[in-house]
Amino acid sequence: MTVSIESLGTREERDELVRLRRDFHEHPELGYEEVRTSGIVTERLQGLGFAVRTGVAKTGVLGDHGQGTRGLYVRADMDALPILEENEVPYCSRNQGVMHACGHDAHTAVNLLTSSRFAGSDPGARLRFAFQPAEEGGQGADRMMEQGALDGMDAALGLHVWNSIPVGKVAITEGPAMASVDDFTIRVHGVGCHAAEPHQGDDPIVKAAGIIRDLQTIVSRRISPYDRAVVSVTQIEGGSAFNVIPNEVVLRGTVRTFDADVQRTIHDRIREIVAGKGDFDVKSVTQVLVNDPAMCRLVRKAAEAVVGPENIIENEVTMGGEDFASVLAAVPGCFFFVGSAGDGGGFPHHNARFDIDERALAIGLEVMTGSIRNWIAEGAG
Ligand SMILES: [Zn+2]
Ligand SMILES: [Zn+2]
């Protein structure tokens with residue numbers, strides 16, 4: 001890391017970031033159960049004199065501050081994962097089987113300290129600090145939007161600590177940055193019978209095997225090599241005994257893309273493959289996360305001032321999904337990655353030994369603060 005941590009914020013701010021993050025880490029809560037976390041958030045936002053709305057999508061909190069014609073949504077997610085933590089650290093999870101293994105503890109801490117920086121005087125725009133529940137598959141972003149969280153907002157910013165890149169680096173990707181995530185189920189129909197007399201039935205196991213094989217030709221034969229996509233079958237369920245051909249086999253899996261047209265093409269092709277053999281049912285977990293180029297430039301300017309232009313990564317895309325994609329489909333914005341892998345590398349997100357290099361907290365605070373200031377200045381000029 002080339003940037004000096006002592007140059008980022010005050011000593012009190014850096015201590016407070018670590019204290020808050022460790023406190024959230026010790027007390028992780030699953031999606032829509034973030035009662036303790038949102039209680040702390042509410043108290044702090046009220047203490048700053050913000051107009052606070054609680055209970056948005058159950059445990060979500062919104063803190064509004066400032067006057068002006070333009071509104072900016074600054075979002076952190078608060079939820080943890082159902083993972084038994086294997087780290088041996090003083091701030092290890094005290095909630096057995098629940099763990100902040102994605103870094104949302106860091107996001108909540110950074111967003112609180114960022115909000116503090118704009119308290120007191122009028123920033124000259126309407127800032128809305130959003131603390132969202134249930135990012136991990138719970139579609140908390142969508143549920144908050146349904147309850148008006150984004151009403152009156154013109155732009156949005158969010159960040160994720162990111163262990164795929166070292167601390168001291170910031171990744172800002174214009175355009176598609178995170179994949180669409182679909183969860184699909186295929187019910188393969190058949191007619192059960194004695195395994196010794198297969199001609200008397202209609203074997204769904206053999207049909208399922210054919211479907212799985214054909215699904216693997218979609219990306220390789222139907223999708224342009226210039227597009228990125230994944231089709232994975234992850235679950236197979238069927239049969240109850242060695243001598244019985246079952247009535248049905250259920251397949252489950254996921255589709256990932258970076259483009260809505262590619263996603264539609266894949267769905268159509270799956271339907272063709274399954275036609276006459278079963279039913280295909282797909283639900284969207286998250287859409288493609290698309291960053292607005294102009295908003296990326298504001299963030300980039302801020303990040304360059306914090307870590308230097310040589311530490312900006314421009315094309316960090318991931319097949320993982322993120323529900324902030326729904327926010328960015330509604331208003332222009334930027335979701336950026338703050339490098340958080342320590343000197344030893346660091347474990348991947350959702351791993352039982354995931355942890356971050358806490359220097360990422362102060363970097364996140366500075367880059368987010370700078371980005372908000374750049375956005376405000378752009379409107380004033
Ligand atoms: Zn995650
Ligand atoms: Zn996450």
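Helices here are DSSP runs of H or I with at least four residues, strands are runs of E with at least two, and both are numbered from the N terminus. The model is predicted: local features need pLDDT of at least 70, side-chain atom pairs count only at pLDDT 80 or more, and totals for chains, interfaces and linings use all residues. Residues are numbered from 1 along each chain as its sequence is written, with chains lettered from A and ligands numbered from 1 in the order in which they are written.

Next I checked α2 itself, residues 35-47. Its 13 residues reach 18 Å from first C-alpha to last, close to the 18 Å expected at 1.5 Å a residue (1.5 Å times one less than the number of residues).

Then I looked up burial. A residue is buried if 20 or more other C-beta atoms, placed from the backbone, lie within 10 Å of its own, and exposed if 12 or fewer do; in between it is partly exposed. In α2, I found T37, S38, V41, R44 and L45 buried. They line one face of the helix, because they fall within an arc of 125° seen down its axis (the arc of the directions from the axis to the C-beta atoms). On the other side, V35, E43 and G47 are exposed.

I also noted what the buried residues of α2 pack against: α1 (11-26), β1 (51-56), β2 (60-65), α3 (104-117) and β4 (126-132). Contact requires C-beta atoms, placed from the backbone, within 7 Å.

Notes
Two residues are in contact if their C-beta atoms, placed from the backbone, lie within 7 Å.
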